Structures are given as structure tokens and as C-alpha cells.
Amino acid sequence: MRIDVFSIFPTMVSEFAGQSLLGRASQRGLLDIRVHDLREHTTDVHRTVDDTPFGGGAGMVLRAEPIFASVEAAQPPRPLFLLGPGGRRLDQDLAQELADGGGFSMLCGRYEGVDDRVRTELCDGELSIGDYVLGGGEVAAMVVLEAVGRLVPGVMGNAASAGDESFSHGLLEYPQFTKPAVFRGMEVPEVLRSGDHGRIERWRRAHALGRTLAARPDLIEQRGGLTGPESALLFEFGLLD
Ligand code: SAH
């Protein structure tokens, strides 16, 4: 899957994308992440990408020309998303949608933002990573790359591991443990060491429900509340009274 990113700080994103899971996926040809430097498409000696806002006010705005020129030269996969606080908020469903698609692109703003003609005439939509304001779109692009990249088929070593993690069934994941079985007197639940897959499954189901109920009751609400059997399971494990 090809994913293009446009930025005035391209190495931030390319260094990140070259490591760990994303780096290995790129080496294996599963991901084709191309980061474009918007400065390459400036025409003045100072390689100016920003200018003062019409109407006055503080800060600088990224100019339309280098962005249009850069996108036109790269012919990136569409949709092209402008990263910004006004966009559709990234969640696991959107990450999955993007991973199921045929590639997409992201444009990172900086300073006070981007000339609005870029948003309305060049981009296909807007994407936000949450209700807060960042200094630039690069971190947002990295968040999207990582959340989406790991869902692209083949990228995660164990394909099953994406299926039961947090949010995939509207629940948080059950608690995980590794060796040693006893650490400073803190013991891993016996059932997880029992080898009894039926019991382990029930324990995990109960604790995924219990954890979600405690930390994110809104997620339980979204699923339409607890079913009778779910309440019974929680009660059985002492997670509901
Ligand atoms: N003045 C703008 C914010 C500009 S922040 C406003 O008030 O809306 C500079 C850049 O950071 C933006 O152009 C955008 O690309 C990026 N950015 C900031 N917050 C973001 C968020 N929540 N999600 C994605 N990108 C964001």
C-alpha cells in the first residue's frame, strides 16, 4: 500500500517510518511510504513556504503554490487528507477503513495552518487525531501511519493479534502477562498458566468486559449495554456486584 506524506519537515516522518514495524513492512514491500519535502517546490532563493495572513493577525500561513506544485509532481494516491483539528477524528474504525483501501495521502500543516484553497481545491478531506492543537501535522501523520500501517494485511507478524485487541470488538483488551509467573510476590492469575483454553477464553472475555466497564463505560453504552450472559460472566469473576 502506498501512502504519501507532504511536509516541510520530511525527515521527521521518514525517520519514523523507517523503523520498527513500519520500517520492516517497507523493506518487505508491504508498505510504500513516500515523504515529500514541500520546500522542493519553492521558486525563490530562500525556499519560502509561508507568508503572512490576509486580514492580519499573528503567525504565518503555508502558501498554496509549493503545496499544489508538490502534489501535482508526486501524483499521490487519493484521497489526500489535510491534517488538522477540524477533520474527521481518527479512531480504530477509520484506521481499519484506510487499511482496507488502496492507499491515501496526508498533508502536514505548520504555523497557523494552510492557505484554505489547499483544503477546498486540492485535498479530498480532513483528518484530525484529536481535539487539541499540535504545532504541526507531522506527529499526526505518524500517528495515522502507525495506526493504519499495522492493520495492512501481512504487516503484523501474527495476523490474529489485531483481531482481539482494544476497540476491535468495542471493548478494551484483556490484561496481558509474561514470564516470570511470580514477580516480587505478584502472581500471574493461575488460569492463564493452566493450559485450559476454554477457561482462559472465559477469563479473558470477563476481564475485557470488566476493564472496559471500569475504564470506558461509554464503550459499553455504545454497544447497547451489557447482555444478560455478559453480566452473569462478570458476576462469576467478581467483577460486578
Ligand atoms: N490555527 C489552526 C491550528 C494550526 S496548527 C487552528 O486553530 O485550527 C498547525 C498544523 O498542525 C495544522 O495545520 C495541522 O496540519 C496540524 N494539526 C494541529 N492539530 C492537529 C490535530 N488535532 N490533528 C491533526 N493535525 C493537527
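A nonpolar core is a set of buried Ala, Val, Leu, Ile, Met, Phe, Trp, Tyr and Cys residues joined through side-chain atoms within 4.5 Å. Buried means under 20% relative accessible area (1.4 Å probe, protein chains only). This is a predicted model: local features need pLDDT of at least 70, side-chain atom pairs count only at pLDDT 80 or more, and totals for chains, interfaces and linings use all residues. Residues are numbered from 1 along each chain as its sequence is written, and side-chain values use heavy atoms, leaving out hydrogens and water.

**Exercise 1.** Find the largest nonpolar core and the elements that supply it.

Step 1. The largest core has 28 residues. Leu-98, Phe-104, Met-106, Leu-127, Val-144 and Leu-145 have the most contacts inside it.
Step 2. At least two residues each come from β1 (2-7), α1 (10-17), α2 (20-27), β5 (80-89), α4 (92-100), β6 (104-107) and α6 (138-149). Helices (H or I, at least four residues) and strands (E, at least two) are DSSP runs, numbered from the N terminus.
Step 3. α6 gives the largest share, 5 residues.
Step 4. A second, separate core has 16 residues, including Ile-8, Ala-74, Leu-80 and Cys-123.

**Exercise 2.** List contacts of Leu-127 beyond four places in sequence.

Step 1. Contact means heavy atoms within 4.5 Å.
Step 2. Among the partners are Phe-81, Leu-82, Leu-83, Leu-94, Leu-98 and Val-144.

Key: Buried means under 20% relative accessible area, exposed over 50%, partly exposed in between (1.4 Å probe, protein chains only).
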